[in-house]
Amino acid sequence: MAVFCQRVGRRLGGSAINLTVSEDEGETWSAPRRLIASPFFNISTLVKGSPLQFADGTIGLPVYHEMLGKFGELLRLDAEGHAIRKTRLSWGRTSLQPVIVPRSETEAVGFMRYAGDPPNRVLMVRTTDGGATWTPPVKTSLPNPNAAVSGVLLANGPLLLALNNVEENRENLSLASSTDFGNTWRIAHEFEGDSSSLQPSWREYSYPWIMQDGAGDVHLLYTWGRTRIKHVHFNPAWLAGRR
């Protein structure tokens with residue numbers, strides 16, 4: 001079963017989440033229905049990160065708010081897609097668009113876009129109890145120009161994070177790699193914005209999304225110059241060569 005959640009609304013603060021389900025690997029989808037996630041007129045709950053499935057069959061959906069604050073949450077949905085629990089990932093007005101990468105039934109790491117004062121860095125949270133509680137957000141060593149990130153833990157491989165590896169603007173789109181589940185990082189490759197690139201420096205690369213398919217290949221998609229969506233496809237052997 002595949003679950004797809006989409007933000008619907010003209011303004012970010014007035015948006016809500018719709019949920020649709022596929023039982024045939026995305027060939028067909030159910031009619032979308034509004035996900036009841038907030039008592040505040042059921043608006044101001046937004047989504048960027050991919051859902052994940054817990055061992056008991058429930059679904060975790062990373063969400064965030066941009067009205068009267070900027071903070072992340074984790075919604076827990078039952079098998080029918082109804083919200084049954086809500087856990088805070090952060091507080092205040094400086095963190096949004098969480099993505100969560102699990103390593104086991106109990107351990108996961110989460111990353112968030114940072115919208116606060118310098119230095120501008122990717123934010124990180126952790127859980128060791130299956131998402132019941134999370135550590136306070138901390139700044140990693142990775143730059144962040146108030147932009148979205150995306151992560152995946154490869155099977156028998158490193159943790160990968162797609163990000164704009166700069167403190168300002170979005171002229172760079174890079175792949176960071178960690179072999180210790182987020183404690184330390186190195187830049188494995190620059191897909192856009194390196195010094196040898198022939199592309200104009202004014203182009204913007206943003207909103208990455210990364211995943212590993214059943215064959216082990218990795219797929220990275222991102223907005224290219226605000227005009228296209230670019231798809232980069234590579235395998236673990238290519239990634240090993242970047243080391």
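User: In this predicted model, which residue is the bridge partner of R76 in strand 8?

Analyst: Strands of a sheet pair through backbone hydrogen bonds, in a parallel or an antiparallel sense. Here R85 of strand 8 is the bridge partner of R76. The pairing of strand 7 (residues 71-77) with strand 8 (residues 83-88) is antiparallel and covers 5 bridges.

User: How many residues lie between the strands of the hairpin of strand 7 and strand 8?

Analyst: There are 5 residues between them, and G81 in this hairpin has a positive phi near 85°.

User: In what order do the strands of the 4-stranded open sheet run?

Analyst: The order is 13-14-15-16, with antiparallel pairing. Strand 13 (150-153) and strand 16 are the edge strands, each pairing on one side only. From one strand to the next, the twist averages 20°. Strand 13 is joined to strand 14 over 4 antiparallel bridges, and V152 has L160 of strand 14 as its bridge partner.

User: Which residues touch the most other members of the largest nonpolar core?

Analyst: Nonpolar side chains in soluble globular proteins tend to be buried together. In this model the largest such core has 17 residues, and F191, L220 and Y222 touch the most other members. Among the elements giving it two or more residues are strand 14 (159-163), strand 16 (186-192) and strand 19 (228-234). Strand 18 supplies the largest share, 4 residues.

User: What is Y222 in contact with, leaving aside neighbours within four places in sequence?

Analyst: Its contacts include L173, F191, Y205, P208, I229 and V232, as well as E192, R228 and K230. A second, separate core has 14 residues, including V101, F111, L142 and W185.

Methods. Residues numbered from 1 in each chain as written. Predicted model: local features only at pLDDT ≥ 70, side-chain atom pairs only at ≥ 80, totals over all residues. Heavy atoms only, no water. Core = buried A, V, L, I, M, F, W, Y, C linked by side-chain atoms within 4.5 Å. Buried < 20%, exposed > 50% of the residue type's maximum accessible area, 1.4 Å probe, protein only. Contact = heavy atoms within 4.5 Å. Pairing = 2+ DSSP bridges. Axes fitted to C-alpha atoms, helices over the stretch in contact; angles between N-to-C directions.
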